[in-house]
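Subject: Structure for your review

Dear colleague,

Please find below the structure that I was asked to pass on to you. A summary of the findings follows it.

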Amino acid sequence: MIIKEREIPIRILKIQALLDRVTLPPEKRAILDGELKSRLAGYYGEKAIDYYLRKLPENDYCILHSLRLKMNSDYFQIDTLLLTDKYALIIEVKNLTGELFIDVNCNQLIQTTPEGEVKGYQNPVQQAKYQKQDLDKVFQTKAIHLPIEYLVIISKPSTILKTNSKYAISKIIHAQYLIEEIERLNKKYHMVIHEQKAVKKMAKMLSKLHCRETYDVLKANQFTHEDVQKGVRCSDCGHTPMQRKHGTWKCTNCCKIDINAHVKAVESYFLLFDSPLTNQKFRDFTYMDSEQTASRLLKKMNLPHSGNGRSRVYYSLH
């Protein structure tokens with residue numbers, strides 16, 4: 001069963017919000033577009049293995065996606081963690097095309113893209129090994145006694161895998177062979193260590209230890225709050241601002257009508273500013289005049305909040 005769902009990485013959401021709300025020089029936009037494309041590819045690669053994981057008997061596996069844990073003063077992230085009554089399995093997913101060569105001598109992954117471009121990355125097998133070492137320490141501090149295995153999954157079946165290490169090739173497989181590898185591990189670890197009820201309890205404890213990543217996208221890209229374009233943005237043509245008329249939002253460019261267009265504006269506010277929202281700040285960001293209408297719209301969004309009346313403060317759902 002899935003204990004922790006897969007999350008869209010916060011950096012993806014923040015970069016998307018930045019691209020929508022800040023005027024960027026062409027070269028800067030190209031860099032951020034490239035980063036967004038790369039991160040989205042990684043996320044879609046992770047989602048691609050869900051098809052195979054759904055084939056597993058639900059009651060035999062506890063699955064945690066997008067798990068970010070703290071070890072001492074550092075953090076480490078696991079794409080997917082499987083907990084069973086016999087072992088734990090770390091799954092690191094790569095969504096890369098073309099030809100991949102794992103050079104253990106240089107401890108590097110070398111990609112040759114279909115276009116012939118050569119790129120270098122951290123050795124994903126070594127990366128997963130480091131995750132195992134960190135998870136081992138977490139297990140020790142929480143008195144979890146399970147052997148830990150790790151696998152690197154290549155999501156695209158057309159990607160060619162090469163290496164100069166027999167060990168490395170045993171730890172990296174295409175996604176379609178994931179179930180076979182799990183079955184092999186089930187045979188290797190035949191002795192039950194914990195009851196399934198205890199495994200579920202461990203999984204829920206690890207889920208509570210998850211630390212959501214913080215990332216100030218404005219500061220990282222050398223922008224200020226004043227650089228952010230205010231207003232409710234049209235989801236069809238991108239025009240900003242939409243106008244509030246007769247209980248709804250209307251785009252003055254394409255005439256789209258959207259009663260909930262302000263919801264996306266509030267999401268962008270939280271992603272870019274990382275600060276609580278008040279009625280005044282909401283009206284300022286959406287160019288809205290009515291305090292009563294703003295209060296009604298905010299309450300309808302069911303956001304976490306504190307305080308009452310004009311002192312009420314709203315917080316992001318994430």
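How many aromatic pairs does the count come to? In this model, which is predicted, the count comes to seven aromatic pairs.

One of these pairs joins Tyr269 and Phe285, whose ring centres are 5.6 Å apart. Their planes stand at 75 degrees, so the pair is classed as edge-to-face. Tyr269 belongs to helix α9 (residues 261-273) and Phe285 to helix α10 (residues 279-286). The two residues are 16 residues apart, and their pair links distant parts of the chain. Phe285 takes part in another edge-to-face pair, this time with Phe273. Here the distance is 6.0 Å from centre to centre, and the angle between the planes is 80 degrees. This pair also links distant parts of the chain, with Phe273 in helix α9 and Phe285 in helix α10, twelve residues apart.

Are these residues buried or exposed? Both Tyr269 and Phe285 are buried. Phe285 has a relative accessibility of 4% and counts as buried because the value is under 20%. Tyr269, Phe270, Phe273 and Phe285 together form one aromatic cluster.

The charged end of Arg68 sits over the ring of Tyr75, at 4.1 Å from the ring's centre. Lys171 lies over the face of Tyr150, and its distance from the ring centre is 4.6 Å.

The cysteines were examined next. How many disulfides does a search of the whole structure find? The search finds zero. For Cys251, the nearest cysteine sulfur is that of Cys237, at 3.5 Å. A disulfide requires the two sulfur atoms to be within 2.5 Å, so Cys251 is in no disulfide. Cys254 is likewise in no disulfide, and its nearest cysteine sulfur, that of Cys234, is 3.6 Å away. As for accessibility, Cys251 is buried, at a relative accessible area of 0%, whereas Cys254 counts as partly exposed, at 35%.

The largest pocket has a volume of about 1,300 Å³. It is lined by 40 residues, and those closest to its centre are Ser38, Arg39, Gly42, Glu46 and Lys94. Several elements give two or more residues to this lining, among them α1 (10-21), β2 (62-71), β3 (74-83) and α4 (124-141). Which element supplies the largest share of the lining? That element is α2, with eight residues. By class, the lining of the largest pocket divides into twelve nonpolar, 13 polar and 15 charged residues.

The second largest pocket holds about 590 Å³ of space. Of its 28 lining residues, Ile10, Phe270, Leu271, Ser316 and His318 are the closest to its centre. Phe270 is also a member of the aromatic cluster described above. Helices α1 and α9 each supply at least two residues of this lining. The lining of the second largest pocket has 15 nonpolar, five polar and eight charged residues.

Yours sincerely,
A colleague

Technical notes:
Residues numbered from 1 in each chain as written. Predicted model: local features only at pLDDT ≥ 70, side-chain atom pairs only at ≥ 80, totals over all residues. Heavy atoms only, no water. Buried < 20%, exposed > 50% of the residue type's maximum accessible area, 1.4 Å probe, protein only. Phe/Tyr/Trp six-rings, centres within 6.5 Å; stacked < 30°, edge-to-face > 60°. Helix = DSSP H or I, 4+ residues; strand = E, 2+ residues; numbered from the N terminus. Lys NZ or Arg CZ within 6 Å of the ring centre and 35° of its normal. 1 Å grid on protein atoms, 1.4 Å probe; cavity = no way out; pocket = protein on both sides within 12 Å on 5 of 7 lines; lining within 4 Å. Points joined across faces, edges and corners; volume = space filled by probe spheres on them. Nonpolar A, V, L, I, M, F, W, Y, C, P; charged D, E, K, R; others polar.
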